[in-house]
Amino acid sequence: AIALFTIAKNGKKLKKQTFGFTLVNLLIALSISGILASNGIPAIFQSVYYIRASTSYDKLFTLIQFTRLQAVNYHSQVLLCPTIDRFNCINDWSQTLMVFVDSNDDEVRNAQEELLRITTKLQNDETIKWNASGSRRYLRFKADGSTGNQNGRLSYCLIKDEELYAKQIVMTMVGRARRGSHKKAVEKCNS
């Protein structure tokens, strides 16, 4: 601490002013900060994972709506499916997702069929599970916006430090996507 003295005109010291912190003050402040940080940091990480899961889920939901809209706009069948080569649909929904116009209805993208959107592969702690009637390799939208007798549930799962963040999208045969229940998403992610 720094001490300053005011000297009166008669030469006597009048007042002592102290500026700064003592070592004891500094140690008390650091220990309180440490206690608060040890309790707050895990909560911050949980918030980050929750936000990451919500963002990925919202992107998937938006991609489904985009795919349906493109089927109506192109007056043609449009597929959303996982891929590793940007041509063939596979069953692993954790891979890169592509949306393409399937003008010849063969469920395989050829060089003449337009690739409308491509996403990045999910991170290692994320999965998407597609539980559907019909094929599980793709989600198909017809020109009228319906799925052509294909309905099911897409479950998004993020597992971090034994904590599960699960969300679900329910697809109907008429092509409507809606948010599913948390309970069913957890069941599907744990199966």
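Leu80 stands opposite Leu139 of strand β7. The model is predicted: local features need pLDDT of at least 70, side-chain atom pairs count only at pLDDT 80 or more, and totals for chains, interfaces and linings use all residues. Residues are numbered from 1 along each chain as its sequence is written, and side-chain values use heavy atoms, without hydrogens and water.

Strands (E, at least two residues) and helices (H or I, at least four) are DSSP runs numbered from the N terminus. Strands β3 and β7 pair in the antiparallel sense over three bridges; pairing takes at least two DSSP bridges. Four strands make up an open, antiparallel sheet, ordered β5-β4-β3-β7. Its edge strands, β5 and β7, each pair on one side only.

| Strand | Residues |
|---|---|
| β3 | 78-83 |
| β4 | 96-101 |
| β5 | 115-118 |
| β7 | 139-141 |

Helix α1 (residues 23-74) packs on this sheet and touches β3, β4, β5 and β7. Contact means heavy atoms within 4.5 Å. The direction of α1 makes about 140 degrees with that of β3. Angles run from 0 to 180 degrees between N-to-C directions of axes fitted to C-alpha atoms, for helices over the stretch in contact.

The largest nonpolar core has 29 residues. Such a core joins buried Ala, Val, Leu, Ile, Met, Phe, Trp, Tyr and Cys residues through side-chain atoms within 4.5 Å. Buried means under 20% relative accessible area with a 1.4 Å probe, protein chains only. Leu80 and Leu139 are among the residues touching the most other members. Helix α1 gives the most, nine residues. Apart from this core lies another of six residues, including Leu79 and Met98.

Note on methods. Buried means under 20% relative accessible area, exposed over 50%, partly exposed in between (1.4 Å probe, protein chains only).
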